[in-house]
Amino acid sequence: MHGLATQIVNFLAAILLLISFAMLSQRRILALIHLYTLQGVTLVLANLVLGFVTDDTHLYVSAALTLVLKVGLIPWILYRLARHLRITGDVESLLNIPATLLTGIVLVVVAFNVALPVTQFAASVARGTLGIALACVLLSFMMMITRAKAISQVIGFLSMENALFFAAAAATNGMPMIVELGVGLDVLVGMLILGVFMFQIRQQFDSLDIHHLAEHQDE
Amino acid sequence: MNSAWILAAVLGLPLVASACLAFAGARRVAPDLNAAFSLLTLAAALLLVQRTLAHGAGFVFGHAFFVDPFNVFLVALTAFVGWTTALFSKPYMRVERDRGRMSANRMRLYHAMYHLFVFAMLLALLTNNMGVLWVAMEAATLATVLLVSVYRTAASYDAAWKYFILCGVGIAQALFGTILLYLAASRVLSDGDALLLTSLTAAKASLDPTIVSLAFVFLLIGYGTKVGLVPMHSWLPDAHAEGPTPISAVLSGLLLNVALYAVLRCKVLADGALQNGLPGRLLVGFGLVSVLVATFSLFRQTDAKRLFSFSSIEHMGMMTFAFGLGGPVATFAGLLHMTVHALIKSAIFFTVGHAAQKAGTQAIDGIRGLVRVSPVVGWGMLLGTLAILGMPPFGVFASEFLILTSTMHTLPWAAPLLMVALAVAFAVIFRHVQHMVFGEATARRLEYRPALLPVFVHLAIGLVLGLYIPAWLDAWYRAAGAVLAG
């Protein structure tokens, strides 16, 4: 039973890693939002499998929280935001996709090496996946650095946070409930603030859209 | 009254204040209300301090919160500077409102978020849970991010965005570190206890060194971003320069200290688990680099608030360096430096805020001849600057002197580097401030009397601490140092 569960969780981890790479090379904003939602779904499934194996109700609660927040609410806000800002169809020009992906692969190798000494201590059935989780964190980080648009940076930020939740589930069967709730609340509030932020920017610099901010960031 | 009620008041008052001011924040009395609530919070905090110092460390509300000499020291400092900043913000924000820079909505936002920010910092200091500490640190950023962009200029959006994203990324690293810490702890502690600071401290020697060393690196990078350690510092000058000046004062005087508090708590745990001095060496390295880079960045500054925010990076680096050195003298000096830096830097921001309003600009070149128009603000700025640059007899001199002497003993090669940094900082900042204070006047009069009481109270305390440290404070610092020695 545990063998099967471990394989399923490993499979889900692999999907997460693939999604991170897909995000790194995805140029359309709308597709990025879809990828983010998919990432949330994977996270929910991983939590459910882990909850089933360990018989820990807290992981089910965590799965429910993830479902509401990261598959429902946040993608919905992102989608509305993109529609209101009229950037759903936008295509972002990316620098040299092959080079970005190659750097991503290097990051994955680094992450695996960093996590290697730690994974042997993890008690969970999913211990092999800590390296993948760290790799996803680094890939999201890289996405935030390479993107110029505000909304893609936000999605990078959110996917980094997803990867961290996966790390918590994989390494320790999830953090204590109060911490997970707090983190979830912080992320949601942060998301809302960013939404307000982008609207304000648009009001202020109407003709410039949010590119204005992007241009400023290059300084 | 028992500790539970007092602690509930310390944390509850800012929340209530935030809720009230979210509605009444635009009224004429709002700034006074703001100051009154801050005073109540200070009173509650002082009661908590008095009890802790009398009865020693202890838990409050089960194991959810705990107090010891180290965290109540910062609670007292936070509540005190929170109150004096509220006093300063009375005339400052009235001027901003009359000049049309703050609308009614923005005043409500400002007042409500000010208290939420104070609440988040107090929660971070008092909680016994490493996870809640993380949540509170992030909440402190969220509370201030909209304030940094409150003037809605392109530069302020840029600053707020940087602040949010960089601190968000940093704090995400800290979350990963916390997860690793939990992983290490769950092998020796039960699930409910594994993130409690007190349980972790008790069991620190049996935590696995491999995991803890990795966890500490992530925690240091994460919380270090908020401390403003180089190279994660680039959000700090922008966030300080673009927001309203009271926010610059509390960011510099308080938030950086609270972030350093988080780093130090992690260091105590890591020291216990590793037993090899690595955490201390990392702090020394980051601290030294921050001091040097910040000092040499001073040359390029043309904005008065940015100038002093780079000086904050320098001083935070100095404290990090001191705590990294370890040992009773350096730790004592670090704690003293935390106190005097918080007081004097916020006093400087108060005077810079008034000066910028008088001159109508924050540019150093635009502020001239302060002593002619308003001698008190001018002298306040000059004295504050001399104090922060480490001139005797102010407290910064005492703490920097102690840091330098212990550097000579334990790390002789670093001492000349620090001396050079201090000399350069002195030359650059003093030259700028001299021009702002003396020379032909460009300033105009303000409609409201500037709040000078906070400035001179802060400077007076900084002066007293440089001349004489009372026995009870000495004992308090030593007790806090003992907590840090583990």
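Two residues are taken to be in contact if their C-beta atoms, placed from the backbone, lie within 7 Å. On that basis, the contact draws 31 residues from chain B and 37 residues from chain A. On the chain B side, the elements giving two or more residues are α5 (130-148), α6 (154-185) and α8 (209-227), helices being DSSP runs of H or I with at least four residues and strands runs of E with at least two, numbered from the N terminus. The biggest giver is α6(B), with 14 residues. This side of chain B splits into 21 nonpolar, 5 polar and 5 charged residues (Ala, Val, Leu, Ile, Met, Phe, Trp, Tyr, Cys and Pro count as nonpolar, Asp, Glu, Lys and Arg as charged, and the others, Gly among them, as polar).

The model is predicted, so to speak of local features takes a pLDDT of at least 70, and side-chain atom pairs count only at pLDDT 80 or more, while totals for chains, interfaces and linings use all residues. Residues are numbered from 1 along each chain as its sequence is written, and chains are lettered from A and ligands numbered from 1 in the order in which they are written.

Chain B itself holds 19 helices and 2 strands. Its C-alpha trace spans about 65 × 55 × 45 Å along the principal axes. Of its 486 residues, 63% count as buried, that is, with 20 or more other C-beta atoms within 10 Å of their own, C-beta atoms being placed from the backbone. As for contacts in chain B with a separation of 6 or more, 81% come from residues 24 or more positions apart.

Note on methods: A residue is buried if 20 or more other C-beta atoms lie within 10 Å of its own, exposed if 12 or fewer, and partly exposed in between; C-beta atoms are placed from the backbone.
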